[in-house]
Amino acid sequence: MADSANKHLTPLSVGGVLVSLGIIYGDIGTSPLYVFKAIIGAQTINEDLVLGGLSCVFWTLTLITTLKYVYLALNADNKGEGGIFALYALVRRYKAAWVIFPAVIGCCTLIADGFITPAISVSSAIEGLRILNPQIPTVSIVIAIMVVLFIFQQFGTSVVGKTFGPIMTIWFLTIAIFGILQFYDHPQIFRALNPYYAYHLIVEYPHGFWLLGAVFLCTTGAEALYSDLGHCGKENIRVGWAYVKIALLCNYFGQGAWLLEHQGATLGDQIPFYAIIPEEFLIFGIIIATMAAIIASQALISGTFTLVNEAMKLKLWPSTRVRYPSQVKGQIYIPAINWILMIGCIVVVLMFRESARMEGAYGLAIMINMLMTTSLLVFYFMTAKKSKFRSSTLAILFFSLEGMFLVSNLDKFQHGGWFTFLIALLFFVMMYVLLHARWLRERHTEFVDLKHYVGMIQDLQADTTVPKEASNLVYLAMADSKRYIDSNIIYSIFKKRPKRADVFWFVHVETVDSPFTSKYVVDTIIPKRCFFVRIKLGFKTNHRVNLLFNKIIHEMADAGEIDLTSPYPSLHKYSMMADFKFIILHSWASSDSEISSFDRLVIQGYRLLKEHSLSTEELYGIEAANLEVEKVPIQVGPQARVKIKRERED
């Protein structure tokens with residue numbers, strides 16, 4: 001099973017660009033619906049505000065979206081894959097323990113963003129109906145769309161997905177045309193290309209700095225350009241971005257031109273995006289905007305599924321059921337996440353009711369995510385690329401820019417930002433509990449030299465007074481070397497209840513940094529009687545260990561290394577396959593351990609998460625027909641000291 005990473009690289013093609021338009025650009029592509037409305041707010045429209053806001057939008061799209069993500073981040077790919085975990089997998093090999101925290105924080109904030117993006121995108125589009133009928137119940141319509149969208153996830157998007165690209169192509173063409181119609185006769189709007197106007201807004205305009213929180217909304221979907229690299233390919237994303245950026249800027253400059261014509265007034269209930277659409281095309285504009293918002297939501301939901309699945313493979317997320325609803329490459333469905341997101345989105349809609357109020361909750365979490373990506377990118381260019389100049393320049397530029405955006409977004413905390421921050425914090429606590437519990441287990445799990453037990457294994461296999469446990473006994477091992485084995489396994493075989501088998505198998509499953517690796521190594525401990533199998537799987541491959549192990553033993557049988565025929569004479573003559581029994585050991589913190597209150601709290605949290613998680617056997621697809629789960633106590637701290645004195649009877 002060779003590493004097949006190269007076949008996952010997607011070449012440049014018209015179809016590839018169309019796919020990128022449908023998958024990647026939904027979030028950032030629907031930002032014109034609400035960005036200028038958020039910048040202007042309740043303020044009186046004036047030239048400094050409009051040109052300054054427009055200049056900030058232009059340079060934000062140029063520096064953060066284009067330079068950081070489209071150029072730099074896409075060059076930091078992991079065998080053609082991108083995203084926060086792909087980047088983490090690239091840099092963790094340099095043995096810097098801290099890199100796990102930006103990856104975890106980035107994951108939490110991206111998922112928190114999933115609670116607000118569908119709500120604000122769909123609400124912004126549907127609110128255009130109020131122009132036609134101010135009494136229309138937009139909240140009910142938005143919730144209905146949300147429910148249908150999330151119910152639809154379980155059936156897959158293979159059919160509808162083929163239409164995403166063409167619809168988004170029409171969307172970007174449409175918003176570009178509507179924008180051009182506005183600024184065609186107002187060339188003075190292009191003064192906003194001068195960065196002076198951005199500087200003037202931030203530094204000199206009253207409270208202008210805090211408007212950066214609204215400006216930032218124009219680039220909130222930039223992370224998707226990197227996260228979905230594996231689905232679309234680097235060149236397809238870059239070509240697609242050239243088209244998307246031109247369309248977005250045309251629309252933003254069109255809105256700016258319309259705003260300059262209304263200086264001295266306030267927006268009130270008007271939405272600049274819909275205001276620049278000719279009245280006869282308004283219905284078409286609302287329909288295409290709603291479709292684009294739904295596509296943006298779909299892309300974010302699918303991206304969340306992928307992110308959580310990668311986190312599970314890296315053992316940073318509680319194990320939960322994953323389904324594959326269609327044959328589309330990489331498409332997965334995680335029921336628990338789907339329903340949590342649906343409930344969260346509905347809560348957001350009911351809490352805030354209007355997109356203008358949701359803007360306060362939007363941006364803070366994703367800003368933190370961008371800072372985490374920047375920190376890992378800086379470390380990547382410093383270590384992997386050994387480019388101190390590039391990493392230093394990147395650090396100074398983007399930590400400064402994103403630091404300003406973060407500070408300005410902090411103003412949103414009391415206006416709704418607390419909601420996504422709270423969601424992200426809850427997920428971080430959950431992931432930290434899993435991470436810390438794993439550290440405790442790895443720190444206190446003992447490994448023993450396997451060669452010291454080879455003779456004992458042979459004697460046990462020959463001892464017919466010990467009842468046979470199975471013809472083949474398979475243990476899942478933490479040890480990743482043929483030299484050592486978990487002391488828990490030795491405890492299970494010899495001490496807890498002696499277990500005799502014709503063949504012992506020790507299987508170690510490792511998640512490696514390459515995304516699509518799928519290979520194995522077999523070390524023979526005792527010829528035909530004991531084997532150590534190391535399976536290496538990428539964080540994007542299916543970890544179906546039962547199927548993989550079955551394939552491995554059949555390949556070994558074909559090579560003459562083992563005999564898969566049942567050893568029992570009554571079954572052997574019919575060429576029946578030998579029986580296999582899996583034993584899974586669950587480490588359990590011994591009650592005799594003396595540990596800190598914090599560690600004890602972590603262990604209790606870990607046990608609670610495990611109770612509501614998918615079991616190891618379900619996660620790896622191991623059949624329950626011949627499976628035994630054992631709990632093995634481990635010392636996670638010094639053994640408790642006890643005193644007792646024997647009294648002699650008179």
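Predicted model: local features only at pLDDT ≥ 70, side-chain atom pairs only at ≥ 80, totals over all residues.
The lining of the largest cavity divides by residue class into 12 nonpolar, 10 polar and six charged residues. Rolling a probe the size of a water molecule over the atoms shows where empty space is left. A total of 28 residues line the largest cavity, and those lying nearest its centre are Leu110, Ala224, Ser227, Asp228 and Gly303. Two or more lining residues come from each of the helices H2 (26-29), H5 (84-91), H6 (100-113), H12 (222-227) and H16 (282-313). Of these elements, H16 makes the greatest contribution to the lining of the largest cavity, giving eight residues.

Open space was examined in the second largest pocket, which holds about 860 Å³. Its lining comprises 31 residues, with Lys37, Ala38, Gly41, Ala356 and Glu359 nearest the centre of the pocket. At least two residues of this lining are supplied by each of helix H3 (35-40), helix H11 (212-215), helix H15 (272-275) and helix H18 (355-358). The most is given by H18, with three residues. By class, the lining of the second largest pocket consists of 13 nonpolar, nine polar and nine charged residues.

With regard to the protein as a whole, the secondary structure comprises 27 helices and eight strands. Along the principal axes, the C-alpha atoms fill a box of roughly 100 × 70 × 55 Å. The protein has 650 residues, of which 57% count as buried.

Among the strands, S2 (residues 468-476) is mostly covered, with eight of its nine residues buried. Strand S2 is joined by seven bridges to strand S4 (residues 500-512), and the two run parallel. Within this pairing, Tyr475 has Phe506 of S4 as its bridge partner. In a regular strand the side chains alternate between the two faces of the sheet.

Methods. Residues numbered from 1 in each chain as written. Heavy atoms only, no water. 1 Å grid on protein atoms, 1.4 Å probe; cavity = no way out; pocket = protein on both sides within 12 Å on 5 of 7 lines; lining within 4 Å. Helix = DSSP H or I, 4+ residues; strand = E, 2+ residues; numbered from the N terminus. Nonpolar A, V, L, I, M, F, W, Y, C, P; charged D, E, K, R; others polar. Buried < 20%, exposed > 50% of the residue type's maximum accessible area, 1.4 Å probe, protein only. Pairing = 2+ DSSP bridges. Points joined across faces, edges and corners; volume = space filled by probe spheres on them.
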